[in-house]
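Reader: I would like to learn how to read pockets, salt bridges and surface patches from a set of coordinates. Please take one feature at a time.

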Amino acid sequence: MKKVLVLSLVLVMALASSAFAAVNFSGKFVGEISNDGESFKSNLEVKPELTISIAADGGDGLNWSFEAESSLNSELVEDEDENITGVSSTFDLGKYKLQLNDDYFTMYFWGNEKELEDKGTTLSLISAAKKATSHRARLEVTAIEPVDVTVDFTNDALYAFVDADIAGYEAGLAYKRTGEAVIGDEEAKNTIGLWGKAGIDMFTVKADVAATLLEDKLALGYGAKVEADLTDEVNVWAQYVGKQDGFDNTEWAKSKVSVGGSYDEGAIYADASFDYDL
């Protein structure tokens, strides 16, 4: 029977730094000791996990934060006579995120299954997912009113978004490049899109359209959605999405109609939807 001993320790520290106005450290340590043999040392494994968070305010609008999870997996190495001959250890970096903030931009570096937030067009025809399966970088520039610029970079994809909000009407441009290597890959696919969102009385209208640039043609993807607030609690909507062969979005339906609605009264919430593939 496997025996497990878990020790945990939470550390919270606030330190002053000459380089920054304030530096705050916090962390959590969890140590797990387990074995599945007859004696304590038989198949003994030690797995300490450390989660740390660091935040610093340097003044003049510049600050940063870093958080990460790490683990050190250790197990005893035995010879044929079950004598301990050493310890085998491996270090693993888990989820992490580095955030740099300035008056003019925000930059993120994150990875190893860490989640940030989705970024995309209004119907997600072109969308950069929030989860980083390997390593990701994102730059957000919000100092050029009324325009926001976002660039998202991974090993196999590059996204760029230019969004504007003028007098309650939202619109933007989007660009996506995907391939085995984003830079220098002649076979990488390029997709350019437009999106818009507007509120008209009780209705909200959203629309996406984009084109993947193929060697001999354009492959289009498109979608439109209309929402209506019938009352403060009741919302209904209808949506159509479609794409042509070769459009660079495998999750986008070829031709589909969807309708749905929701009821939200604070303590009570319910929703339903129906999809039909054409």
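**Reading the features**

Author: Glu227 is buried, with a relative accessible area of 18%. The model is predicted.

Reader: Why does Glu227 count as buried?

Author: Buried means under 20% relative accessible area, and Glu227 has 18%, so this residue counts as buried. Lys225, at 16% relative accessibility, is buried as well.

Reader: Which residue forms a salt bridge with Glu227?

Author: Side chains of opposite charge can pair when their charged atoms come close. Here the partner of Glu227 is Lys225, with 3.5 Å between the closest N and O atoms. Salt bridges with shared partners also join Arg136, Arg138 and Asp152 into one network.

Reader: How many salt bridges does the structure hold, and where do Asp152 and Arg138 lie?

Author: The structure holds 10 salt bridges. In one of them the side chains of Asp152 and Arg138 meet at 2.7 Å, N to O. Asp152 lies in strand S10 (residues 147-153) and Arg138 in strand S9, so their pairing ties together parts 14 residues apart in sequence. Both Asp152 and Arg138 are buried.

Reader: What does the salt bridge between Glu67 and Lys114 tie together?

Author: The side chains of these two residues meet at 2.6 Å, N to O. Glu67 belongs to strand S4 (residues 63-78), and Lys114 to the loop between strand S6 (105-111) and strand S7 (119-120), so the pair ties together parts that are 47 residues apart in sequence. Glu67 is partly exposed at 27% relative accessibility, whereas Lys114 is buried at 18%.

Reader: What is the volume of the largest pocket, and which residues are closest to its centre?

Author: Rolling a probe the size of a water molecule over the atoms shows where empty space is left. In this model the largest pocket has a volume of about 750 Å³. Its lining has 29 residues, of which Ser127, Ala129, Tyr159, Asn249 and Glu251 are the closest to the centre. Among the elements that give two or more residues to the lining are strand S9 (135-144) and strand S11 (157-166). The lining divides into 11 nonpolar, 11 polar and seven charged residues.

Reader: Which residues form the nonpolar patch on the surface?

Author: The patch consists of Ile200, Met202, Phe203, Val205, Val226, Leu230 and Val236, together with about 540 Å² of accessible area. Met202 sits in the loop between strand S13 (189-200) and strand S14 (203-213), and is partly exposed, at 35% relative accessible area. Asp229, in strand S15 (residues 218-229), is 27 residues from Met202 in sequence but 5.7 Å away in space, C-alpha to C-alpha.

Technical notes: Residues numbered from 1 in each chain as written. Predicted model: local features only at pLDDT ≥ 70, side-chain atom pairs only at ≥ 80, totals over all residues. Heavy atoms only, no water. Patch = residues over 30% accessible without salt bridge, like charges linked within 9 Å, V, L, I, M, F, W, Y side chains within 5 Å. Areas by Shrake-Rupley, 256 points an atom, 1.4 Å probe, with all protein chains shown as cover. Salt bridge = Lys/Arg side-chain N within 4 Å of Asp/Glu carboxyl O. Helix = DSSP H or I, 4+ residues; strand = E, 2+ residues; numbered from the N terminus. Buried < 20%, exposed > 50% of the residue type's maximum accessible area, 1.4 Å probe, protein only. 1 Å grid on protein atoms, 1.4 Å probe; cavity = no way out; pocket = protein on both sides within 12 Å on 5 of 7 lines; lining within 4 Å. Points joined across faces, edges and corners; volume = space filled by probe spheres on them. Nonpolar A, V, L, I, M, F, W, Y, C, P; charged D, E, K, R; others polar.
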